[in-house]
Every structure is written in structure tokens, then in C-alpha cells.
Amino acid sequence: FTSAAYSTDGERIITGLQDGSLRTWGATTGTELSRSQIGENVSFLNRIGTSKKVVALVRGPTEKRFKIIEPSTGDVLSTSRPIDLTYVETVSVSGDGQYLIVVDNIGTVEVWTLSDLMFRRRLQYEYSGGDAVAFSPDSKTFYIGGDNQNVLQYESATGRKLWQLLADFKPAESETRLIAEKDKRVSTIIEAKKKRDAQAAIDVAAFRTKVYVKFDHYGSMSDPGNKRIVESDEPAESKVTLPRNAADAVWLRLFNDSPLPIKIPTQSMYFPNPKCVHVFPTGEKIGGLCERREISIWHGLEDRTGKSVRYGFDFGSSAILLPNSSVVFPVPLAILRNGNSIVFGYSFQNVKASVNDDDWDYGEKLELRFGEKNLK
């Protein structure tokens, strides 16, 4: 059972169930008198005033609606539009059967009229949960109280707030001043970010052609699954050069000929080198990979039509490639067949918009590809 109500004469109990049925029972005998299938779930069942009708929230295959039902026959007398509240927590009907109040789990309050089962208005109400609704005896007003620890009175016909137990919070003069100062700082930061984003669009358009991948040589590579969380970027495996027919990997070189560092996806992290640092005009510094290092790029795979192919690992890291630097990385030859291409993203890095910002990313994220057609 999800909800229940007595009939007007008190001789029957009407229940809504999770199986979508509406059932009536003898109040004294407990005998089931009738059963009707209304939907997939019937909840928040309420009797409408002194009438024999009930209203309930009925869930269907894709939506939920309020329905007014004659319980003795199971006839649906009227149906509302779909309910757009995600989680209904409270439903209450006024004593005169005119109004339906609906409250969700975050304190959204809606007023409906039952004569036509129409939504009328959504009330201004504080964020809340665990709310209860109580109508006045004449149904002209109703009260709401909940976990926000306040009680408010509204006019049923207009939704106008008439009274509240606790007064609205009014900040002190010092709090008002601090709020104004904060708003000013936030506004300054927002404006600085807008200017940074506008300049980033210009710079990225100019610099994107200066970041590219080229064939370096054929060789061999170890199993990518055996890479550790932290690896050295000292050239090792890339020192071996093999003819194509004896190689199991192709070594590619990623170039950053732009004046800005770029962030690239890597399979492992790499030991920092205090000598490998880029200094921005502002004096801010960012560490990264020096020239002629060996790394593993964390890349995806696409077929000849550009459709993604399942490949690789569901984890990885990132590294910074400094300006005017290049690194080599291996790709198994076995995956560069039938027109396949590797693909990975990168982002330019630049001075942050504010001291409180921790995002070096500059402009849109870009992608690089290298395919079988690019092999020598």
C-alpha cells in the first residue's frame, strides 16, 4: 500500500498500491470489495472533500499524472497534464475539495484546482524537505512547514503569502558591505575570464597549426599494460630503430612549436625536472617535459570513417609539453590497419584569469590524429 483514505460514510477504506491498482475494502471486515487497474503505481491517494471521488498520483510507463477516480467502479473521471516534479513528497487536499497542494523533496510548492484538475501556480518558498501541509477549517488558507524550520501561511485562491513564523533574514551593515565587496570581486573575475576567453579564441586559431604529429621511426615497444603510475621520460625504448618488417611499433614525434605550453594525455605521470619550466611574462611558472623526451600518449582509436573503436585503458594521466619542444611516443603497428587512426586531445595552457583560479586551460580543447595513411 502507498496511501489510503476512508469513504465518506466510513464504511470502506480506499487504497492505492505500488502495483498500479486501486482497491476498496470493508472497514470492519477487511474484505476486498473492488479492484481496478489504474496505472503502474497509484500513490498519494486523497478523498476529495465530502464527495465519493478520490484523487491520486498515477505513474504510467513514461510519466506521472493526477487522476480523479470513482473508487467503486474504477472509472477515471479526469486526468491532469504530466507532472514535471522529479520527486513528489507531499500531496494534500483542502477540506472543501477545491484545492490540491503538491510539494516536492526540495520545497517546490504547486497549487492545483480539483474542479478541472488544472495547475494554477508555483509558490515562492524556501529550499526545504520533509514538508507538511495543513489547510484552515474553511480551506481559504493553508500552512506549510518543514526542515527549513519555518512555518508559512498562504492564501489558497491566490497563493499570496500572508504570514510566517520566522522573519526573513536581514544581513547586518557589515555583512551587506562584505557581500557587496564579494560581488565586486566576482564581477571583476568574470570580466577577466571573458577577456581571457576572447583572446584565447584568437590565439588558439593562430597556434593550432604549430602543434602536430609526425612519423619518427619504426621500432619496438613494451606492453602498455605494464606501465607504472610514475615513469621516467628518459629515452630508452625509442633508441631502437628497426626496419618496418621487423618492427611491432611505430614511434611518432609530437611537436609543440607554439609559444604556449600544451597539456597532453599520458598513460603515466613523469618525474618533474626543475630545469624544465616555462615562465610566463607575468612571472608565473609551469613545469613540464623538456625537449627530446620519451613518453606514452593516452590515445583513442578511430576507424576509416571516424567511428570510435574500443581500445586501450580506462585510466590515464596528463603532462605538460613546453613550448618549442617535442617528445616521442610509441603506437602498436597492429592497431594502425584498415585505415585506423589514433586520436587524442590537447589544450593550450596560459596565465590563469585570477589568483583564485586553478585552471591553466586556455581556449577550446583540440584533437590530433595520426593514421595508417600517414605512415612511411
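**View A. Strands 21 and 27 in the lining of the largest pocket.** In this predicted model, strand 21 (269-270) and strand 27 (317-321) each supply at least two residues of the pocket lining. Strands are DSSP runs of E, at least two residues long, and helices are runs of H or I, at least four long; both are numbered from the N terminus. Strand 27 gives the largest share of the lining, with four residues. In total, 15 residues line the largest pocket. Nearest its centre lie Tyr270, Phe271, Pro272, Gly288 and Leu289. The lining divides into nine nonpolar, five polar and one charged residue. (Asp, Glu, Lys and Arg count as charged; Ala, Val, Leu, Ile, Met, Phe, Trp, Tyr, Cys and Pro as nonpolar; the others, Gly among them, as polar.) A pocket is an open set of points on a 1 Å grid where a 1.4 Å probe fits, with protein on both sides within 12 Å along at least five of seven lines; lining residues have an atom within 4 Å of a point.

Residues are numbered from 1 along each chain as its sequence is written, and side-chain values use heavy atoms, with hydrogens and water left out. Local features need pLDDT of at least 70, side-chain atom pairs count only at pLDDT 80 or more, and totals for chains, interfaces and linings use all residues.

**View B. Strand 20 and its partners.** Strand 20 covers residues 262-266. Four of its five residues are buried, so the strand is mostly covered (buried is under 20% relative accessible area, exposed over 50%, partly exposed in between; 1.4 Å probe, protein chains only). Five bridges join strand 20 to strand 27, and the two run antiparallel. Here proline 265 stands opposite serine 318 in strand 27. Strand 20 also pairs with strand 29 (residues 341-349), in the antiparallel sense, over two bridges. (Strands pair if DSSP finds at least two bridges between them.) Lysine 263 has serine 347 of strand 29 as its bridge partner.

View C. Strand 11 (residues 109-113) is joined to strand 12 by five bridges. Glutamate 110 faces arginine 122 of strand 12 across this pairing.

**View D. Aromatic pairs.** The whole structure holds 13 aromatic pairs. (Rings of Phe, Tyr and Trp, the last by its six-membered ring, pair if their centres lie within 6.5 Å; planes under 30 degrees apart are stacked, over 60 edge-to-face, the rest tilted.) Phenylalanine 1 and tryptophan 25 form an edge-to-face pair, 5.8 Å centre to centre and with 65° between the planes. Phenylalanine 1 lies in the segment before strand 1 (3-6) and tryptophan 25 in strand 3 (residues 21-26), so the pair ties together parts that are 24 residues apart in sequence. Phenylalanine 1 is exposed, at 64% relative accessibility. Tryptophan 25 is buried, at 17%. Phenylalanine 135 and phenylalanine 142 form a tilted pair, with ring centres 5.6 Å apart and planes at 55°. Both of these phenylalanines are buried. Elsewhere, ring pairs link Phe66, Trp112 and Phe119 into a cluster.

**View E. Alanine 172 in its loop.** Alanine 172 sits in the loop between strand 16 (161-164) and helix 1 (173-207). It is partly exposed, with a relative accessible area of 38%. Its C-alpha atom is 36 Å from that of leucine 85; the two residues are 87 residues apart along the chain.
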